Amino acid sequence: MRETPLSNCEREFILNFIAQQKRLDGRNAYDYRDLRIAFGVSLGCCHVELGKTRVLAQVSCEVGEPKQTRPHDGVLYVNVELSPMACPSFEQGRQSEEGIELSRLMERCLKESRCLDMESLCIVSGEKAWHVRVDIHVLNHEGNILDCASIAAISALAHFRRPDVSVHGEEITIHTLEDRNPVPLSLHHMPLLVSFAFFSQGKFMLVDPSSKEEKVMEGKMVVGMNKHRELCTLQVTGQMLLLKEQVLRCSSIALTKVTKITELIHEALDKDKQARLKGEKHGFAMLVSGDRVTANRLPTTEVKVDTLEISDEMERSQSSSEDGESQSGNEPMEEQIVATPKESAVEILTKGVGVIGEGGTSTWLDIPQADSKQTAAKKRKHKLEKMEEDEGSSEEEEKVILK
Amino acid sequence: MSSFTVVKTEDLDAEQEKGSACVLRGQTSDLGCLTRQDGSVSLSQGDTTSIAVVYGPAEVRINKEQIDRATVDVVYRPKVGLPRPEHRKQERILKNTLEAAIAANLHPRSSISIIIQETEDLGSNLSCCINSSCLALLDAAVSMNFMVAAVTVAMKENSDMVLDPMKRDETEAKSVITYVFDSMKLQVLTIVSNGKFSRAEYKRGLSLAREAVKSVLQFYRESMSKKLLMSE
């Protein structure tokens, strides 16, 4: 699907606004959007929300052969999936240029920074090593997928536990989860990526651009740092030239951001660990708060089936002929439904017009009484035919449609 | 590449709580959780979560255009690794099920795309995906002939049935059957089965699933009315 292009007046407006040192959502130039980090029940599953941009990361592992060139190291795979879920313009299958750029940046951030201790992933040198795989799925694209993805990837790596391995001479035992507690990966540090968007030939700069700002920007710089002031990644894209002072200023801004975000990650990890230790319910299902109108929660429901009825029906169905056997499963049910029809009062309005359920005349406009009643009654009759056999809250449904 | 995910062993408490095996785990839905799509939902059955998203009716590519109805497209994304043949099979099952439910005749030469992301698979993943797709279609206000609801039943060796099984129940069971029903007459729409089972076991599972599906459909209605009527 093609994405709606940004109109010229929108573009001009945003650029003028930025020139006045303002942003569409009211943030300051160096402000990040609200960041929420959540972990799932599975180990190594992390869900990050940066404003409305949502990313899901999952870490998994498998035993395999190490690389020929590095027999003492494990292998790390990083995969960024721009699923068509995130944005209508993302196509399934072929990776777009943007997807390739994101994948490459994530790989560089995680691999070249050497945040993960690869030697600890070795089981038998030259023969067996752990292959760790980080899958990053973009769920919603509202700008700055890269920062969100890097936070998700690092949090997932910190959250993940791999099975414990013991080596006795020639024998290697990979313990199951019941046998021994799984072991965390050894993460040296947490490199995070911070994106900067540039406008008007580098005159104005914004941190954490939203999707509209990304469409209007002239150039982008990505700084990968950890809280120990170590720079791991640096990339500038777009048609612009930057001054040395700007680059240095950006890296110092990145440092403050990264320190804050690392704290947040540790907080979230702690909270999750506490919840698991205490045996409290944790995971994605718990995140949804029941207060919101769009969220609904139903506790465990017990399903009671009358076992006697089933055995009777079964005997009946078994004794019936072969032909009718396929239908007999449905017949008893239908009989039950027909046997207990909904007792509703039918109100006769005029000759040939019946009304059932709640509703009534339109209270919106001053329509002459006779017409509105007739059209409303006709509509209801039509609905009647469709909903005759419908169980449950048919009246409720009518309320919604007709009000 | 068969990478595996390390999953936390299910809480012992949860196992003990489940007294009788005929219990549907607690369901949680979050309608409209994502912003770029026409309809989106994050549905959890117990801890099994899946996010479903609908785009439509929208522009369709000429090679996929159908002159009299909308083209229904389903994409299923696993959490780990690239999509494999078993996920394509799941997409096919979902497509066949949802094509019957969607009133595609109302939107000729357009496409209705459903994209499902496996978020957490801790048992009865297929029924969670089907249920979340239906809720997403409702959230997107796509015209439908009826709603669809799915329930998974696992048959154990001693012919005990477990409703809405967890991962352990599924792997230990002799057979696992997912029943998909329509909301109008509670008739069977789709059956997806693994393993061996007798005709009697199938029928028992069918009646159990039928009862259970009523509460799933009720959950849909409550979720939608909560959102639309803006009342508890």
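1. Among the elements of chain A, helix H3 (residues 145–159) has the highest mean pLDDT, 95, whereas helix H8 (residues 325–328) has the lowest, 36.

2. Two stretches of chain A call for caution. Over residues 308–341 the pLDDT is below 50, and this stretch has 22 contacts in the model beyond near neighbours in sequence. Over residues 385–403 the pLDDT is likewise below 50, and there the model has 29 contacts beyond near neighbours in sequence. Where pLDDT is low, the predicted coordinates should not be read in detail.

3. The structure holds 24 salt bridges over all chains, and one of them joins Arg23(A) to Glu213(A), with the closest N and O atoms 3.0 Å apart. Because Arg23(A) lies in the loop between helix H1 (8–19) and strand E1 (35–39) of chain A while Glu213(A) lies in helix H4 (residues 211–216), the pair ties together parts that are 190 residues apart in sequence. Both Arg23(A) and Glu213(A) are buried.

4. A network of salt bridges links Asp25(A), Arg27(A), Arg33(A) and Asp208(A). Within this group, the side chains of Arg27(A) and Asp25(A) meet at 3.0 Å, N to O. Arg27(A) is buried, with a relative accessible area of 10%, whereas Asp25(A) counts as partly exposed at 43% relative accessibility.

5. Arg36(A) forms a salt bridge with Glu49(A), and here the closest N and O atoms are 3.6 Å apart. Arg36(A) belongs to strand E1 of chain A and Glu49(A) to strand E2 (residues 45–50), so that the pair, 13 residues apart, links distant parts of the chain. Arg36(A) is partly exposed, with a relative accessible area of 46%, while Glu49(A) is buried, with a relative accessible area of 16%.

6. Which strand holds Trp130(A)? Trp130(A) lies in strand E6 (residues 128–140) of chain A, and at 1% relative accessibility it counts as buried. Trp130(A) and Cys61(A) are 69 residues apart in sequence, and their C-alpha atoms are 6.5 Å apart in space.

7. Val167(A) is found in strand E8 (residues 165–168) of chain A and is partly exposed, with a relative accessible area of 44%.

How values were computed
Residues are numbered from 1 along each chain as its sequence is written. Chains are lettered from A and ligands numbered from 1 in the order in which they are written. This is a predicted model: local features need pLDDT of at least 70, side-chain atom pairs count only at pLDDT 80 or more; totals for chains, interfaces and linings use all residues. Side-chain values use heavy atoms; hydrogens and water are left out. Helices (H or I, at least four residues) and strands (E, at least two) are DSSP runs, numbered from the N terminus. Buried means under 20% relative accessible area, exposed over 50%, partly exposed in between (1.4 Å probe, protein chains only). pLDDT is the predictor's confidence in each residue, from 0 to 100. Contact means heavy atoms within 4.5 Å. A salt bridge is a side-chain nitrogen of Lys or Arg within 4 Å of a carboxyl oxygen of Asp or Glu.
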